Amino acid sequence: GECSVCALTLVPMPAPATVNQPWWSYDIGIIHFVGISTEHNFSIGSPQYRWLEKDLSLTNRNITPWIVFSGHRPMYVDSEDCCALGTTEVCSAAGLPCTPGYDVEVMDELKASVEPLLYKYRVNLAFAGHFHNVQRQSAVYQNTLVQTAVETTDDEGNELFVHHNPNATVHMVVGSAGNGPVDSSHNYTWSAKYWNNVFGYAVLTATN
């Protein structure tokens, strides 16, 4: 669609991404960033899947102890968008399964194929967009809540939510940079917090 025109023609894609294989990784400081295309085949055994596993397996945690994963469509999003009629409950009442391309089905596909790699290679944090608000999920694996964050404050009184060795990836949705906001419903056990009706971007700081 037209939303890809800027990405493909104006904005340089990080290496080794190409138009037909837009997945990439690079290091910034002590963070290894890795991004996949959720609009291309990421099923087990696909070229993208094989590339992702090789990239994660070769990451030197002595040099980049943090791994941050990214994809447009979220693996965990507080959304029940299931089919053309709406939520899982509405679709089920109409006798319709969740449809490929809708949030619930995409989440299930990512969890089946990609999430085991994130768990195996101890990926710390995952960012996604698509859903136009901001969401912070707990550490989660295969829909099971692994660890909730501990609320605290820093020396300046700023509110913090801290995970201590959660043994699963913490997921963030940062879809607040464009389009209109979308409301969350907080229906999942792993949904920690969400912000509706906000516009902005995320700032990431890593320490070791």
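## The annotated domain

UniProt, in an unreviewed entry, places the feature "domain: Calcineurin-like phosphoesterase" at residues 43-133; such annotations may be inferred rather than shown by experiment. In this span, 37% is helix and 16% is strand, and its end C-alpha atoms lie 27 Å apart. Helices (H or I, at least four residues) and strands (E, at least two) are DSSP runs, numbered from the N terminus.

Please keep in mind that this is a predicted model, in which local features need pLDDT of at least 70, side-chain atom pairs count only at pLDDT 80 or more, and totals for chains, interfaces and linings use all residues. Residues are numbered from 1 along each chain as its sequence is written, and side-chain values use heavy atoms, with hydrogens and water left out.

## Two salt bridges

Two salt bridges are counted, each a side-chain nitrogen of Lys or Arg within 4 Å of a carboxyl oxygen of Asp or Glu. Lys120 and Glu53 form one of them, at 3.3 Å from N to O. This pair links helix α5 with helix α2 across 67 residues of sequence. Lys120 is exposed at 53% relative accessibility, while Glu53 is partly exposed at 23%. (Buried means under 20% relative accessible area, exposed over 50%, and partly exposed in between, with a 1.4 Å probe and protein chains only.)

Asp103 and Arg73 form a salt bridge at 3.4 Å, N to O. Asp103 is buried at 6%, and Arg73 is buried at 9%.

Let's turn to the loop between β2 and α2, where Thr38 lies. Thr38 is buried, with a relative accessible area of 10%. Its side chain makes a polar contact of 2.8 Å with that of Glu39 and reaches the backbone nitrogen of Arg73 at 3.0 Å. A polar contact is a pair of N or O atoms within 3.5 Å; within protein, one must be able to donate a hydrogen and the other to accept it, and residues adjacent in sequence count only if both atoms are side-chain atoms. Leaving aside residues up to four places away in sequence, Thr38 touches Gly71, His72, Arg73 and Leu110, where contact means heavy atoms within 4.5 Å.

Ser46 is found in the loop between β2 (31-35) and α2 (47-57) and is buried at 4%. A polar atom of the Ser46 side chain lies 3.3 Å from the backbone oxygen of Asn41.

## Helix α4

Buried residues of helix α4 (residues 103-113) include Asp103, Val106, Met107 and Leu110. Among the elements covering the buried residues of α4 are α2, β4 (81-83), α3 and α5 (115-120).
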